[in-house]
Amino acid sequence: MKYLTLAATTFLATSAYADTPELVVYTYDSFVSDWGPGPVIEKAFEQTCACDLRFVGMGDGAALLARLKLEGARSDADVVLGLDTSLIAAAKETGLFAQTAVTADYDLPIAWNDDSFVPYDWGYFAFVHGTDLTPPANFKALADSDLKIVIQDPRSSTPGLGLLMWVKAAYGDEAPAIWQGLADNVVTVTKGWSEAYGLFLEGEADMVLSYTTSPAYHLIAEEDATKTAAAFDEGHYMQIEVVGKLAGSDQPDLADAFMQFMVADAAQTALPTTNWMYPAVMPAEGLPKGFETLITPGKALLIPNEDVPALREEALAEWLSALSQ
Amino acid sequence: MALRAFAISTKTGIGAAALVVGLILAAVCAVLTRAEFGSGLGPADWSAIRFTVFQAAISAVLSSLLAIPIARALARRQFPGRGLLVTLLGAPFILPVIVAVLGLLTVFGRAGWLNMALSALNLPTLSIYGLHGVVLAHVFFNLPLATRLMLQAWQTIPAERFRLAAQLDLTPRAVFQSIEWPMLRQIVPGTAALIFVICLTSFAVALTLGGGPRATTIELAIYQAFRFDFDLSRAAILSLVQLALAGSAALLALWIIPSVSMGGGQDRPRQRWDARGGVQRIIDILAIGIGALFLLLPLGAIVTRGLAGILLTPASVWQAAGTSVGVAMVSIAVLLVLALPMAGWIATAKRGSVEAVGLFGVAASPLMIGTGWFILINPFADPVALALPVTALVNALMALPFALRILVPPLRDTVQVYGRLSQALSLTGWPFWRWVALPRLRPQIGFAMGLTGALSMGDLGVIALFADQDRTTLPLQMYRLMGSYQMEAAAGAALILLALSLGIFWIFDKAGRMNAEA
Amino acid sequence: MLKLEQAVITQDDFSLRADLSIEPHKKYAVIGPSGAGKSTLLGALCGFVPLAHGRLIWDGRDITDAAPGARPMTMLFQDNNLFPHLSVMQNVGLGLRSDMRLTADDRAEVESALSRVSLADMADRKPGSLSGGQQSRAALARVLVQARPFVLLDEPFAALGPALRNEMLDLVQQLVTETGAALIMVTHDPKDVARIADEVIFVANGIAHAPEPAKELMDNPPPELREYLG
């Protein structure tokens, strides 16, 4: 009897939804977690759209792209949220994304004029450390120091790839020498961000590759002011996270509405304290309290999207040969 | 072998084995069909293959050898807490990789207890990162499992053998040669092959503790091929290399194993009269003591970290825990359907080489199986809706080789000792299982079910490729917490995971051994 | 009538030839030197050892390739005649129904067989808690419920003391007389032959000789048998 009731409820629930359009959004895993932006954004958007917003989480940005390539034009997804600047060129090459008219008054360190992807948040990569440590001023000083760092593998992790690009953007052909200098500072290389950050919090390294915004989490959510990020004078590499609409979407208008929603105030206010990144459009009430304590890099580095695919092969080879010795 | 017919039909077993091979090869083929631009294996891939084989071989040999004295000590000593220790032996194996690594680092890391002690004594500190770190972690994962498998083998030696040894007043050396060595020759090669294959697919452990890209394994190369290069043909080739390596290791091991029975006994209560001497006693105390410390210190670290975070875990963690338990139960059911007929087939086969088939499940890259089945399912159904059934199936496949290792030796003995009597009584097919095999193997079946459940609980596996918001397992939820800076809550979730896994393991293992004295 | 026609049994480099008939309701002793192939002969009759040549015929039917359980015979081995994990009731019940779905009638039959071998109050015990003699009785109870036309004994009582063994042999004799089964029994002891057997099958030098009346043969043994008897 219990099962019958359950089945009936499920059936009613399903039929109740049948008239409501469903918007499927592929995103990375941490976006949909309880502390991530997913739940807040889903609730807020569903209040405005008379629709059912369904997030499907999978790995990270690179896993998202691989999934889209596997599914091709048959994909159920209407919107993909969470690709970043290093993946945009490869994403465009698939021909799966539609152009969009959604735009906003972006508050980014660079000008944004991509016609397919809409940025919703961004950040700078940085080495995070305890406040009891005097940080090095740049990669060369880090290489000369005895400081131990833990980084992510560029083959399996987005920040890992970001670090490759950072060194490449800052030093160009000098990058191999920088990596050779850093080799003895690298305690270890991890599969993803979580493992590296976990190791750092365990005290396995003095610094960990993360974001300039990471200390904001400790300050705001944990009231812990002992973490900060090291400002490097050669500049910090940027990561801009974007949302795009698939050409094969059966809900194109709803998809546009969602993308517009992602750059509107409700979402932008939520992102800094859920995704712990800078908002792409400054919310009316400004940044949350605590963000003013973060370091602001003097120079924003970003390799143009279209140059990334060629450069990353070269950078990976340099990284592998320097760290494999 | 004079038997013309066997009490067990081999058809179902062959069918189950074919299904297992089919499921895995279908995944590889599916990936190959989508491969557009193919490149062969580069020098980097070959060095990954060399490193993988090397670390796996060392880990397998060390884990199996070190397990011998510990299993022997546990087999012949009774002490308070022995049962708990034996249950905890199942723990490291079922932990999500990152949890176990953090536990190990709390003890052996740069800021770990060992180095704190060393520097307090003004001794130079040790670095865990490097090949030795990889091996240390793999031994931590697999030594307890090897110990459990060997302990079980020790306990299947009929009490009559030890009685005879006591009667003849054999020296410890002679007991070893006449009773224990023949048993070890049967058990150690299979155990070592199993561990070798598990270590073949290692990725995060090898990379994290290996200290950098020097420690690139085949699995990492597959990962790279999938997500960095999107080179599906290379991914498929690497997967096939992994399967081939596992297959050869298994065939080699199973070929070494002599096919002799330990002989039957009258199920007399086990009692040991040997090893009463002082030296033997000291050896056993050392083996158990060191083994227990190596096992319990990192586990203790995990529990300590977890207790602090357990109150921070959100309700969704408990929901995910419920899902995981459900998946584990389905995995157990699937496992039994596959493993029992296969074990029956293997146990009656002249040589046990066919057991190699079972190893396919662990040897196949989870990423490859997940992706392959994603490609296969996608045109017909929503893969996300099938995420949990596929996860349960893949988890059962992963547990299959362990189950076979556990079930085959005692089943072979049962068939040899009671096969003739069963045939004379027309006890064949299901009645043979129902009245002879299942009751005689109850402890082993309970152990295999418990291990499968626990393994399934702890596996992140393919769910990560399929999951949506509503269908998460506990390990995935734990990773999501870590991804949102919630390291403490994640540690709490890890502790819940550990407790639930061990709970499932304990219940089935206990149920299997209850009243099993016959 | 059970006939081994021109049978040759080979195992590795050992071979045994047999061309003989076994009649219902009679009691046969199989004697011969150790290693001559007495157990092999029983194994071949029972279906555990294949015939290299020849046929096994029962009442005109060729049962050379029949499965052990499908033959008109039941056998007690030297050891492991009972499953240690099953109760005495279950062990005996297997003789009636191999799927163990015992009806009330079946249970009554098992119980009466157990009473017949004086084990009525041991039905729920496991073999491990029985004495050697009680274990033998339990196995005999199963032979009783199986009620096959031929009962084969491969020295199942070898481990029992002389008095107990004689008691068992007498019990066997009574049981086969009651059920009308033929008995084929391997033995080393000429006294057993005198005690039970109507006919003797002498196995030596690779040949299982055709049965001969026990009394005449033992009173006037051919040279080979005389050598064995000492």
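Student: In which strand is the place of C:Leu20?
Tutor: C:Leu20 sits in strand E2 (residues 14-22) of chain C; helices (H or I, at least four residues) and strands (E, at least two) are DSSP runs, numbered from the N terminus. Before we go on: this is a predicted model, where local features need pLDDT of at least 70, side-chain atom pairs count only at pLDDT 80 or more, and totals for chains, interfaces and linings use all residues. Residues are numbered from 1 along each chain as its sequence is written, chains are lettered from A and ligands numbered from 1 in the order in which they are written, and side-chain values use heavy atoms, with hydrogens and water left out.
Student: OK. Is C:Leu20 buried or exposed?
Tutor: Buried, at a relative accessible area of 5%. (Buried means under 20% relative accessible area, exposed over 50%, partly exposed in between, with a 1.4 Å probe and protein chains only.)
Student: What is C:Leu20 in contact with, leaving aside its neighbours within four places in sequence?
Tutor: C:Leu2, C:Lys3, C:Leu4, C:Ile201, C:Ala208, C:His209, C:Ala210 and C:Pro211. Contact means heavy atoms within 4.5 Å. Also, 6.7 Å separates the C-alpha atoms of C:Leu20 and C:Glu5, which are 15 residues apart along the chain.
Student: Zooming out, how many helices and strands does chain C have?
Tutor: There are 8 helices and 11 strands in chain C. Its radius of gyration is 18 Å, close to the 17 Å that the globule rule gives for 230 residues, so chain C is as compact as a globular protein of that length. (The radius is taken over C-alpha atoms, and the rule is 2.2 Å times the number of residues to the power 0.38.) Of those 230 residues, 53% count as buried.
Student: Which chains share the most contacts?
Tutor: Chains A and B, out of the 2 pairs of chains in contact. Chains A and C have no contact joining them, and their closest C-alpha atoms lie 33 Å apart.
Student: Switching to chain B: at what angle do H17 and H19 pack?
Tutor: Helix H17 (residues 387-424) of chain B and helix H19 (residues 442-458) of chain B pack at about 160 degrees, with axes 9 Å apart. Axes are lines fitted to C-alpha atoms, for helices over the stretch in contact, and angles run from 0 to 180 degrees between N-to-C directions. That makes H17(B) roughly antiparallel to H19(B). (Under 35 degrees is roughly parallel, over 145 roughly antiparallel, 65 to 115 roughly perpendicular and the rest oblique.)
Student: Which classes of residue are in that contact of H17(B) with H19(B)?
Tutor: The contact has 12 nonpolar, 4 polar and no charged residues. Ala, Val, Leu, Ile, Met, Phe, Trp, Tyr, Cys and Pro count as nonpolar, Asp, Glu, Lys and Arg as charged, and the others, Gly among them, as polar.
Student: And at what angle do H1 and H15 of chain B cross?
Tutor: Roughly 30 degrees, with the axes of H1 (residues 11-33) and H15 (residues 356-363) of chain B coming within 9 Å. That makes H1(B) roughly parallel to H15(B). B:Ala17, B:Val20, B:Val21 and B:Ile24 in H1(B) meet B:Val357, B:Phe360 and B:Gly361 in H15(B).
Student: Last one: which residues are buried in H12 of chain A?
Tutor: In H12 (residues 265-274) of chain A, they are A:Ala267, A:Gln268, A:Ala270, A:Leu271, A:Pro272 and A:Thr274. What covers them includes helix H3 (38-49) and strand E4 (117-130) of chain A.
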